[in-house]
Amino acid sequence: HSRLYLASSSLLAAASEAAWFNLARSVPDRGAKLTSLVDAGRDVSEVIRLTSQHLNALPRSQALVTEVVAQAHLFRDIRNYALHPVDDNDKDREAWLTESGATLLAIAGRRYFVRLSELQVRLAGSDGADSEPDGVEAL
């Protein structure tokens, strides 16, 4: 059964990465670099970084953005370990590849994907109709 949990955790990470590319597509005026990365479907860590900059420009969003970015990196870290275990220092990630670990990731994943969806809705409502919030420069 251990391979089932490894697959489950890895698939959550893959779904997370796909969600970030989808979220990045929702960014109005995303700029040449983010557009290029999204079109190529590559370098998800940079897509997350650039997209999160746009998300932080939304009013009252910084704590939420910090939360989803941290969860995204956790998913990536676990998946990378599952596919390429390299360092003895990374053995703590084994816990996420067990029945209980995969279950906890799935439970956390629901909230995470709902929160990403909330951000996508907020981005859609911010498509440049108004100016940037006070004190925030356009990216």
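Residues are numbered from 1 along each chain as its sequence is written. In this predicted model local features need pLDDT of at least 70, side-chain atom pairs count only at pLDDT 80 or more, and totals for chains, interfaces and linings use all residues, while side-chain values use heavy atoms, with hydrogens and water left out.

Q: Why is the aromatic pair of Phe75 and Phe113 called stacked?
A: Rings of Phe, Tyr and Trp (its six-membered ring) pair if their centres lie within 6.5 Å, and planes under 30 degrees apart count as stacked, over 60 as edge-to-face and the rest as tilted. Phe75 and Phe113 sit 6.5 Å centre to centre with 15° between the planes, so the pair is stacked.

Q: What makes this pair tie together parts that are apart in sequence?
A: Phe75 belongs to helix α4 (residues 62-83) and Phe113 to helix α5 (residues 99-124), so the pair links parts 38 residues apart in sequence. Helices here are DSSP runs (H or I, at least four residues), numbered from the N terminus.

Q: How do you know whether Phe75 is buried or exposed?
A: Buried means under 20% relative accessible area, exposed over 50%, and partly exposed in between (1.4 Å probe, protein chains only). Phe75 has 1%, so Phe75 is buried. Phe113, at 25%, therefore counts as partly exposed.

Q: What does Ser126 touch, not counting residues up to four places away in sequence?
A: Ser126, in the segment after α5, touches Pro28 and Leu58, where contact means heavy atoms within 4.5 Å.

Conventions:
Helices (H or I, at least four residues) and strands (E, at least two) are DSSP runs, numbered from the N terminus.
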